[in-house]
Amino acid sequence: MNYASIENISKTFGERVIFENLSFGINEGQKIGLIAKNGTGKTSLLKILSGDDTPDKGEVNYRKSIKVAFLPQEPNLNKELTIEETIFASENEVLRVINQYEKALKNPEDQEAFQKAFDLMEAKQAWDFETTYKQILFQLKLEDLNKQVKYLSGGQKKRLALATVLLDKPDLLILDEPTNHLDLEMIEWLESFFKKENFTIFMVTHDRYFLERVCNEIIELEDGILYNYKGNYSYYLDKKEARIEVEKTNTDKAKQLYKKELDWMRKQPKARTTKSKSRIDDFSEIKEKASKRRNDHVVQLEINMERMGNKVVELHSISKSYEGKNLFEKFNYNFQPGERLGIIGKNGTGKSTFLNTLTGSIKPDSGKIVIGETIKFGYYTQKGIETKQGQKVIDIIREFGDYIPLKKGKQISAQQLLERFLFDRKKQYDFVEKLSGGERKRLYLCTVLIQNPNFLILDEPTNDLDIVTLNVLENFLLDFPGCLLVVSHDRYFMDKIVDHLFVFRGKGVIEDFPGNYSDFRTYEESTPNEVADKKESKSKNDWKSPTTDNQKLSYNEQKEYKKLEREIAKFEKEKEKLQQEFLKDLNEEEIKNKSIELQKITNAIEEKTEKWFELSAKMEE
């Protein structure tokens with residue numbers, strides 16, 4: 001059943017064309033994820049679909065009686081209302097039915113009105129509404145129903161807005177970054193909820209695991225064209241790669257034809273026959289196809305970072321409490337050069353406070369932090385960037401630096417860095433106030449990176465960034481040679497970037513886990529409940545793998561074991577990809593170079609596999 005038809009819609013802001021002539025449909029049962037770069041109109045499109053805005057051209061037609069609900073990125077809630085009052089102030093149809101029934105009770109002589117109200121209560125199952133909304137609020141960890149909205153955190157406000165939307169039971173649910181400001185527990189609850197509930201969904205999210213596990217269709221908006229993929233995120237990646245290969249082949253063919261036609265055009269035939277005129281008309285189209293190129297950036301940088309000494313950052317029994325709440329207590333840790341560490345935990349457990357304490361903007365209640373003389377922090381906070389009126393994108397970045405030094409005497413300029421993070425030369429001279437929220441975050445990220453830190457701290461860097469930018473950022477961070485400390489609710493991002501975790505358990509406990517996020521979830525799910533209940537009382541030194549209780553590995557060996565597994569898998573994929581290259585038509589020099597590369601990868605696999613077997617044997621002793 002078709003719920004909505006979007007026909008040839010366009011949107012502009014001033015002279016800027018956001019998108020034009022977009023057409024697609026939304027059918028019952030579809031869970032669609034929209035993927036596009038920041039600044040290409042994702043939020044504008046969602047607002048048009050929800051009725052909060054109108055297109056300049058085209059139209060959106062909904063099936064009659066379809067109920068649509070919209071969850072924006074930043075909920076608009078009355079700050080003076082309590083959580084419970086917010087539920088009753090919403091435009092929920094069940095609340096109108098309850099109100100109609102209460103009015104009918106006050107006029108018992110009107111039997112017809114009473115019967116109608118009673119039947120509506122039955123039809124909408126309104127008798128259990130109080131139980132239903134309390135259950136959802138409690139599942140979303142909003143137990144204090146009398147707490148005013150103005151005292152809620154950003155995550156709590158998002159959950160309250162989500163509760164009001166879910167209680168309305170819409171036919172079509174439109175979501176703009178639904179996982180922003182939610183902690184991992186809430187994201188996984190919402191993921192599970194959407195998988196089992198029969199909602200039709202159209203959403204924008206940067207959370208790739210969420211797209212993978214919830215969506216059954218992906219729509220990508222690229223260069224003004226919509227591409228449909230009838231599957232989840234993994235399916236989209238496979239099919240997009242195949243599409244790009246076809247486009248590349250077609251472009252190569254067009255280039256060959258373009259050379260041939262260019263030769264013909266240069267001869268400037270005197271006889272302008274109908275056939276030759278037609279051929280001239282076709283030439284411009286061939287030229288356009290031949291000159292088409294993808295604007296994909298793969299970041300591969302050998303950064304000449306300032307040298308790190310042996311002393312990086314040492315934490316000696318640091319403790320911090322806030323309003324009587326113990327965030328971390330007597331925590332010890334020595335950071336090593338090149339560490340890639342992620343921080344996870346529920347909202348309110350002190351993750352951002354820990355980062356601010358580490359960088360010196362907040363002092364610990366007790367304990368000492370020793371920072372190495374060569375350490376230069378780069379700190380990306382959730383606050384974002386402060387700009388002045390009339391500043392251009394390139395002016396902002398140059399305030400912090402003109403270039404990043406690379407090895408072998410090379411460098412990457414401020415302009416080149418901006419280009420790598422998807423600000424083309426024209427965009428670099430736009431005024432900052434014209435940028436979208438995601439583009440501002442991307443610019444802020446560039447201001448941190450241009451300072452060439454050797455200890456990079458990122459507090460929720462993935463919020464408001466599109467998937468295209470996330471891929472660029474991930475490639476940059478994989479090349480980053482310094483220390484990396486990341487707080488993020490993006491599970492895909494964490495799995496790709498970090499190799500061990502600080503798990504903030506609450507009540508002052510920080511647990512050091514030797515693995516990425518997926519490793520941690522596997523560990524959590526395999527741990528018996530009675531053991532899990534005791535976790536809050538454990539210190540980081542008490543950690544043991546549930547599957548290797550008798551193992552002889554030290555903590556560093558456990559880290560190395562996990563790292564080896566990932567590296568071997570990575571090299572195996574590279575080997576397989578390289579072997580496929582030999583099936584192409586290669587010249588002698590290419591065959592020689594690829595053979596050398598293949599031998600290097602094979603040697604690396606053998607070396608790492610041998611070490612992996614050594615550690616495996618030690619575990620079994």
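Predicted model: local features only at pLDDT ≥ 70, side-chain atom pairs only at ≥ 80, totals over all residues.

Biologist: In which sense do strand E19 and E20 pair?

Modeller: Strand E19 covers residues 500–506, and five bridges join it to E20. In E20, Val509 has Gly506 opposite. The sense of the E19 and E20 pairing is antiparallel.

Biologist: Which residue in the hairpin of E19 and E20 takes a positive phi?

Modeller: Two residues sit between the strands of this hairpin. A positive phi, near 55°, is found at Lys507.

Biologist: How many residues of strand E20 are buried?

Modeller: Let's look at both sides of the strand. In a regular strand, side chains alternate between the two faces of the sheet. From E20, Val509, Glu511 and Phe513 point one way and Ile510 and Asp512 the other way, and all are buried. For strand E20, residues 509–513, the count of buried residues is five of five.

Biologist: Is Lys427 buried or exposed?

Modeller: Lys427 is in the loop between helix H13 (414–420) and helix H14 (437–449). Beyond its neighbours within four places in sequence, Lys427 is in contact with Arg16, Val393, Leu435 and Glu439. Its relative accessible area is 14%, and the cut-off is under 20%, so Lys427 counts as buried.

Biologist: What separates the C-alpha atoms of Phe476 and Phe421?

Modeller: Phe476 belongs to helix H15, residues 467–479, and is buried at 2% relative accessibility. Along the chain, Phe476 and Phe421 are 55 residues apart. Between their C-alpha atoms, the separation is 9.7 Å.

Key: Residues numbered from 1 in each chain as written. Heavy atoms only, no water. Helix = DSSP H or I, 4+ residues; strand = E, 2+ residues; numbered from the N terminus. Buried < 20%, exposed > 50% of the residue type's maximum accessible area, 1.4 Å probe, protein only. Contact = heavy atoms within 4.5 Å. Pairing = 2+ DSSP bridges.
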